Each structure stands twice: as C-alpha cells, then as structure tokens.
Amino acid sequence: MNDSPHNAAAPQHPHHNLGMAGAMAKAFITSPLSLLLLLAFFAVGVLGMWVTPRQEDPQISVPMVDIFVRYPGASAQEVENLISRPLESIMSEMTGVDHVYSYSAREQSMVTVQFIVGEELESSLVKLYDKLASNKDRMPFRSARAASEAKRCG
C-alpha cells in the first residue's frame, strides 16, 4: 500500500461553462491591464472632482413673505379656522407660489408664503397685496385691517 501524497492522483475539476459574466470576470482577474484600468478610473475621478466648480456658500435667494394677522379676543382654534386656513387657501391660488404654511396662536396668526426660486420678489409682493386687498371680505371684520400687513423676509 502506498500512502504517499505525491503519488495520489490530483482531483479532477470538471470544466464549467462560465457564461459571459464569468468569462469577463476571469479576463479581468488574469489580465495585467486591470491594475492600469483601476488607476486610470481613479485618476479620472480625482480630475473630475478637481475640475468641477463649487461654491462654499451659494447665494440662492428664496423669496418669502410673512403675513401677520391679529384677531383680538379669538382663541387659537378660531384663529386657525377663520384666519389661517382661508388665508392659506387664498395665497395658494397665486401664480409663482411654491409653499404656503401658517402658525396659529391665541389672537394671532402668521402665514408664510414661499415663492418659487428665481421669482421676482417685488412683482410677487404686488400680486400678494392685490390678492389680500381683493379678498378682505373673506376675513372677519376685526382682522381685516391687520391682514394687509405683510413683512418681507427674503
């Protein structure tokens, strides 16, 4: 009996069909160009990061307007139902408006109208004042005068 490992027959591996993906992987694993391709892709990425312009603090102006409304003697729920929600609806109808949101508290409301980036603030303010003036009849009598006070914040 011969127990020597040198004389043992080497195990035979059956030949498998690798398919296209397997053949590509085998070619990249055995090719000496793989390292060169890796370094070239890395260099192109570093060059792209170096050439791409960037700004630390971009000056993007988002035109916004806060509308403050006082409604003396009203609870927060009344202010929300009688002032904030109708005013949000009215402001949402304007062209060039991106977002409208509000804050309601006892005797006061703040509605913020955010216009689309790039929209001219002065013309947007004119539209806002016109919209407020044409819808004063939808606001309670005690708050009608205060609803036209808009503060520029952007």
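**Entry 1: Asp66 and strand β1**

I started with Asp66, which lies in strand β1. Helices (H or I, at least four residues) and strands (E, at least two) are DSSP runs, numbered from the N terminus. I'm working on a predicted model, where local features need pLDDT of at least 70, side-chain atom pairs count only at pLDDT 80 or more, and totals for chains, interfaces and linings use all residues. Residues are numbered from 1 along each chain as its sequence is written, and side-chain values use heavy atoms, with hydrogens and water left out.

Is Asp66 buried or exposed? I found Asp66 buried, with a relative accessible area of 12%. (Buried means under 20% relative accessible area, exposed over 50%, partly exposed in between, with a 1.4 Å probe and protein chains only.) Strand β1 as a whole is mostly covered, and five of its seven residues are buried.

Next I looked up what the side chain of Asp66 touches. It makes a polar contact with the side chain of Thr112, at 2.8 Å. (A polar contact is a pair of N or O atoms within 3.5 Å; within protein, one must be able to donate a hydrogen and the other to accept it, and residues adjacent in sequence count only if both atoms are side-chain atoms.) I also checked Asp66 against Tyr101: they are 35 residues apart in sequence and 9.7 Å apart in space, C-alpha to C-alpha.

**Entry 2: β1 next to β3**

How do β1 and β3 pair? They run in the antiparallel sense, over seven bridges. (Two strands pair if DSSP finds at least two bridges between them.) Opposite Gln108 in β3 I found Arg70.

**Entry 3: salt bridges**

Side chains of opposite charge can pair when their charged atoms come close. How many salt bridges does the structure hold? I got five. (A salt bridge is a side-chain nitrogen of Lys or Arg within 4 Å of a carboxyl oxygen of Asp or Glu.)

One of them joins the side chains of Glu107 and Arg70, at 3.9 Å, N to O. Glu107 lies in the loop between β2 (97–105) and β3 (108–115) and Arg70 in strand β1 (residues 64–70), so this pair ties together parts that are 37 residues apart in sequence. I noted Arg70 as partly exposed, at 45% relative accessibility.

Another salt bridge links Glu80 and Arg85, at 2.9 Å, N to O. Glu80 is partly exposed too, with a relative accessible area of 25%.

Then there are Lys127 and Glu119, whose side chains meet in a salt bridge at 3.4 Å, N to O. Lys127 counts as partly exposed at 27%, and Glu119 counts as partly exposed at 26%. I also found that salt bridges with shared partners join Arg70, Arg106 and Glu107 into one network.

Helix α2 has 19 residues and reaches 27 Å from its first C-alpha to its last, close to the 27 Å expected. (The expected span of a helix is 1.5 Å times one less than its number of residues.) I looked for buried residues in α2 and the count was zero, so I wrote it down as hardly covered.

Which residues form the nonpolar patch on the surface? They are Met20, Met24, Phe28, Leu37 and Phe41, with about 590 Å² of accessible area together. (Patches are made of residues with over 30% relative accessible area and no salt bridge: like charges are joined within 9 Å, nonpolar side chains (Val, Leu, Ile, Met, Phe, Trp, Tyr) within 5 Å. Accessible areas come from the Shrake-Rupley method with a 1.4 Å probe; for residues, only the protein chains shown count as cover.) The elements giving two or more residues are α1 (19–30) and α2 (33–51). α1 gives the most, with three residues. Last, I checked Phe41, which sits in helix α2 and counts as exposed at 62% relative accessibility.
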